[in-house]
Amino acid sequence: MAVEKEKLSGMRLSFQYGTPPAELTQREIKREPTLRAKKLLDDYYEAKVSLDTEFPYWYTKTWRENEGQNPIIRRSLALKSAYEHLTPMIPSQELLAMQKTRFVRGSFMMPWTANRFALSDEEHMAHEAEAASLKSLEEITVIAEGGGNVTESAGNVLSISKRFGIRKEDYAALIEDCRYWKNKSSEDMGFMWGAMHPKYDEYLNIKKAVLVHVDLETSIRHGRNVVNYQYPLQIGFNGMIQECKDKIDANLNEGCVDKIAFWKGAINVIEGVKTWIKNYAKEAKRLAGIAKDNKAQQELLEMSERLEWISENPPRTFMEALQLCWTCHIAVTNEIQGSGFSPGRLGQVLYPFWKKDMEEGRITREQTIEALECMRVKFTGIDLAMAVGTIGLLAGSTFNNLCVGGVKPDGTSAENELEELIIESAISCATPQPTLTVLYDGKLSDKFIHKAIECNKTGTGYPAWVNNRIAMEYCLRNFRDEGITLEDARAWTIGGCLEIQPGALVNGEFGAGSYSSTGASFINAPKVLELVLFDGYDRRTKTQVFPPHGLELKTFEEVMTAWQKYMHELVVVLEEMYNIRASAFLEHDNPMFYSALMADCLETGLHMDKGGSRYNKCMTTWITGQVNLANSLASIKKNVFDDKNFTMDELKDTLINNFGYESALETGKFSMVEQIREDDKFAKIHAQCVAAPKYGNDDPYVDEIYKQVVEDWRDYVSEVKDFFGRSYVPCQLSVATHGPLGQACLASADGRLAGLTLADGAQSPYPGTDLNGPYAVLNSATVIDHSDYQNTQLNMKIHPSAIKGLTGAEKLKELIKAYMDKGGYHIQFNIVDTKMLKDAQANPQNYRDLMVRVAGFTQYWVELSKPIQDEIIARTEYEEV
Amino acid sequence: MAKYCKDCKNCATFDVFKGNCEALGKRVILDTPMDDCSDYQQKEKCGFCKYYAMKPKEEFLGVCRKDSDVPDVDVYAELVACNDFVPSA
């Protein structure tokens, strides 16, 4: 059991996690990381999420010193200064150097992007209406108490957003910076600019009612994208700088000041990153000087030499290339408040370096696995400093997706030995980041697929499986206007959870080149129906959100008409507002280093916000709870109109009274399991609602409704143009919004009680309602055309015994293949025993390293909120596939 | 002035609560008093520099008065000092 060695004002500081009962955690596949990775992972488990102030201090200072400068130059100088002043920190036994801050698990605020959550008290005064609506979201967002979260202030450490610890002496400096950025940050400007929309008041009511979860758009605009490593890999930072200089010389007399500013700004920021790397090289050398043993000394000297080399030149070896890719990745996360920056098809990117090293005897498979394991720990240490609402939405994940498989630009299978080692390192060193995804294609070998299934059997929730053909189809269709090539479509990859991003070959090598956006998020689908039933009025916040629809709802068609009216209104207002608010980011928050890396920004002289990327149709709108919506509509159709079991008024009265049950906030239970009924008056109606047809059973009665509501929403999404003049793209993914969005909903006609977590993902049945086996779920899930969406998502929970041995692996392979053959895009599995999850909820101290699949990402169990834990426990567990 | 691990050159950061002591080779709590530690070496932070002046009514914020020809520069006590660092008396 856990032992608490040291305590500071109640905050558990020591790293001692207990041992769960062996019978609950048996795994067919279980391997240990190398000793080096184990040590680094133990450091990670011990570390608390820590906020630093160096980057924001130097950024703000330099920004202020350069008032009047060209905005792009000003930003690049601020970034350069910030990179140059980051204190290097290299933990012992580190193989890959550099992280966001000087903390093992650190982050920092970017108050020029978002400063409101740090100034929340002041903001309450200045923006009362908006603050109230934000608060409503914060109130319903539950942050987990375990793991590295600093949920309370202790000693000289303050807790921010119930997750981040910051030292009191640093907090003073941070708040000083935040005050400077008041009314200047992208977030503040976005709020102010939003008022230009004629329906701004309606938008505020939409937010207040939590009809959407829009916290993300106010503080994070970039992300869900892949970082392009090819330019530094091919020509090095010096080569990139020279290219910028050549471009400036060639274009000075062309009158293109914006382009000159971008190239000059790119030089500044690359110089800043170079200095940052060199500072690490110096630190490694210093540590080598005080190292206690020869091996450590030698490793540190090699690290120093590696860093010094890549700060100027293209890499010569696999280790140099891996270090350079990691450095570029972390530099991007330091520049932009982004979520879901992904390494993409890193196994393809690095393969030429690895193959050459293997052929020339410079590296072994064992050394490769060790390096890849260390990379996994580094990725897991990335954190994002955000407000409570956003943390709840993201569940603390940073969504760095690493993809394997798929095809090469020539159409042949892309699997290679390095990708197999990437999978092996994910088996031996189980960490949430980078999560792993197999780009499933019929051309992949059985051997490769079985290797990936072996990884599934570890119970980590990865790899996810996505359909290579559907994604290519999506790319070819969506980026046709931008001239996408077949080769770039074949080089596609995932940025973030599951979002399809086209590839961008750079001199024939795998690269990335699409614009990035978090998009307008997240529509609370069942809440829209709730407002239909109550004529536009939200009972929870006592707010008339939409004008009354004026329909009597005497027929099912009238219900659908009212739903379509409200959903259309919601989507249009949300996207139009997003255009306005996101455009505030374009003023002084532009990606510089990120753009310099991205194909083809340096060539065109345009940064990403100016459309310099090769592909730009990437603005999305997201939806959550569409399965609950479809189930509720099916219940209304069946019970109110077809069978006339009860009237609409009786249903409304029942929903207001939560079917006679205690509320989730009273019980603290957020799934249908173990709920307490106080009043039997509504029991019959509840039973009829529960018995109504449910999505996930291959039942056309409800599946057709599901298809219609999803396709209606899809069509509304693409009506509005983004600020590039391209239509929005629908994206079906819940992340962790199904927790807080569910809490904003009354009971629904599908029998779900008030406040309970919604169905996860997009194609996942509501927990416990899929009764006809997994293949029936696949049939329901494929009533829509998945290539219409930037992504779709289906979760399944399978008991480990169901896929045991070679026979079990074959069964899982057949299940995956069946889904892909039917046209499904994505499927992922929790291979866990529900009994273990229940034990983990009761005894979290024994499960520090337990990971589960949430909705497109894997996260530590102890760092998930209870509403999400409850939902995962309640998911149907298949004992046979 | 009281000495703490967090103010020692040997203390590499780990998280907001802890550091790694390079002299002792072990994890330490940052706020541990170190008056009796023979390995203690004061870090070069603005707060320990002779050019640092605290701002009125501010415990952790200050200004740098290194260059009398330019306006005071806002700094904070914990900031890693520049090359002009001179230990305060």
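Modeller: Asn334(A) counts as buried because 25 other C-beta atoms lie within 10 Å. The cut-off for buried is 20 or more other C-beta atoms within 10 Å of the residue's own; exposed is 12 or fewer, partly exposed is in between, and C-beta atoms are placed from the backbone. This is a predicted model: local features need pLDDT of at least 70, side-chain atom pairs count only at pLDDT 80 or more, and totals for chains, interfaces and linings use all residues. Residues are numbered from 1 along each chain as its sequence is written, while chains are lettered from A and ligands numbered from 1 in the order in which they are written.

Asn334(A) sits in helix α13, residues 318–335 of chain A. Helices (H or I, at least four residues) and strands (E, at least two) are DSSP runs, numbered from the N terminus. Leaving out residues up to four places away in sequence, Asn334(A) touches Phe55(A) and Lys100(A). Contact means C-beta atoms, placed from the backbone, within 7 Å. Pro198(A) is elsewhere: 136 residues from Asn334(A) in sequence, and 36 Å from C-alpha to C-alpha.

Follow Phe55(A) next. Phe55(A) is one of the α2(A) residues that make the contact with α3(A). Two packed helices are described by the angle between their axes and the distance between the axes. Here α2 (54–65) and α3 (71–84) of chain A pack at about 145°, with axes 8 Å apart. Axes are lines fitted to C-alpha atoms, for helices over the stretch in contact; angles run from 0 to 180 degrees between N-to-C directions. Besides Phe55(A), α2(A) brings Trp58(A), Tyr59(A), Thr62(A) and Trp63(A). The α3(A) side includes Arg74(A), Leu77(A) and Leu79(A). By class, this contact has eight nonpolar, two polar and one charged residues. Nonpolar covers Ala, Val, Leu, Ile, Met, Phe, Trp, Tyr, Cys and Pro; charged covers Asp, Glu, Lys and Arg; the others, Gly among them, are polar.

Now a sheet in chain A. Three strands form an open, parallel sheet in the order β14-β17-β18. Strands pair if DSSP finds at least two bridges between them. Neighbouring strands are turned by 30° on average, direction ignored. β14(A) runs parallel to β17(A), residues 620–624, and three bridges join them. Ala520(A) stands opposite Thr621(A), and Ile523(A) opposite Ile623(A). β14(A) is mostly covered, with five of its five residues buried.

Finally, the partner chain. 25 residues of chain A are in contact with 18 of chain B. On the chain A side, β6 (164–167) and α6 (168–180) give two or more residues. α6(A) has the largest share, five residues. That side has twelve nonpolar, five polar and eight charged residues.

Chain B has zero helices and six strands. Of its 89 residues, 29% count as buried. The C-alpha atoms of chain B fill a box of roughly 45 × 25 × 20 Å along the principal axes. Among chain B contacts between residues at least 6 apart in sequence, 46% join residues at least 24 apart.

Methods: Two residues are in contact if their C-beta atoms, placed from the backbone, lie within 7 Å.
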